[in-house]
Amino acid sequence: MGNLATPARRRLPRARPRPPPRQPQPALRPGTGRGVPGRQTDAALPENEHPDDLLSAGEVAEILGISTGTVRTYATSGHFSPGITIHGSRLWPRHEIHDRLHNAPGRGTGGGRRPGEPQGPRKTHPYAGDPRLHTARQALNTAPAGTPKGRLATELAATHGHTPRTWERLLTTAAEHPHNN
């Protein structure tokens, strides 16, 4: 019965004192590795930016003006390269990020409607050319007068598929445009 949590045991002092806090590591000095005195790195870090520098998600987000979550989403969805994974950290070369910044998709020549230019031809209504519209018109013409649209929509949904709400929209369009396609 040595490990029972009784009130008497709770009042007793701890068997072992807590260890003292760890001593802080020496600060990194230029040209040394991990604060170990006398250990030299291969080369001193360059002071200026290089196109092949690897950037973290936070640095990429700062350059592009987006959040780090968006950076990760863009990388996994293919909006830009997935990056290079080193020791579990995803990194991107600086030149790829600057290319993305200056040549973002949708910018430049072609693509998109120019300001002030009218849009292309519009449909007369959202269901123009929909074959279900003919079925909705037939249902409106053959239904007894005063039949609720909701009941017709439910019957059409059960017979032809789709949701009753879709058929309600089709019935409304058929009533508003009785002769258009």
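Student: How many salt bridges does a search of the whole structure find?

Tutor: This is a predicted model, in which local features need pLDDT of at least 70, side-chain atom pairs count only at pLDDT 80 or more, and totals for chains, interfaces and linings use all residues. Residues are numbered from 1 along each chain as its sequence is written, and side-chain values use heavy atoms, with hydrogens and water left out. A salt bridge is a side-chain nitrogen of Lys or Arg within 4 Å of a carboxyl oxygen of Asp or Glu. By that criterion, the number found in the whole structure is three.

Student: How many residues apart in sequence are the parts that D53 and R94 tie together?

Tutor: The side chains of D53 and R94 form a salt bridge, at 3.6 Å from N to O. D53 lies in the loop between α1 (7-11) and β1 (54-55), whereas R94 belongs to helix α4 (residues 94-102); helices (H or I, at least four residues) and strands (E, at least two) are DSSP runs, numbered from the N terminus. The pair therefore ties together parts whose separation in sequence is 41 residues.

Student: Is R94 buried or exposed?

Tutor: Buried means under 20% relative accessible area, exposed over 50%, and partly exposed in between (1.4 Å probe, protein chains only). The relative accessibility of R94 is 13%, so R94 counts as buried.

Student: Which helix holds both E168 and R165?

Tutor: The side chains of E168 and R165 meet in a salt bridge, with 3.3 Å between N and O. The two residues are three apart, which means a separation of about one helical turn, within helix α7 (residues 164-176).
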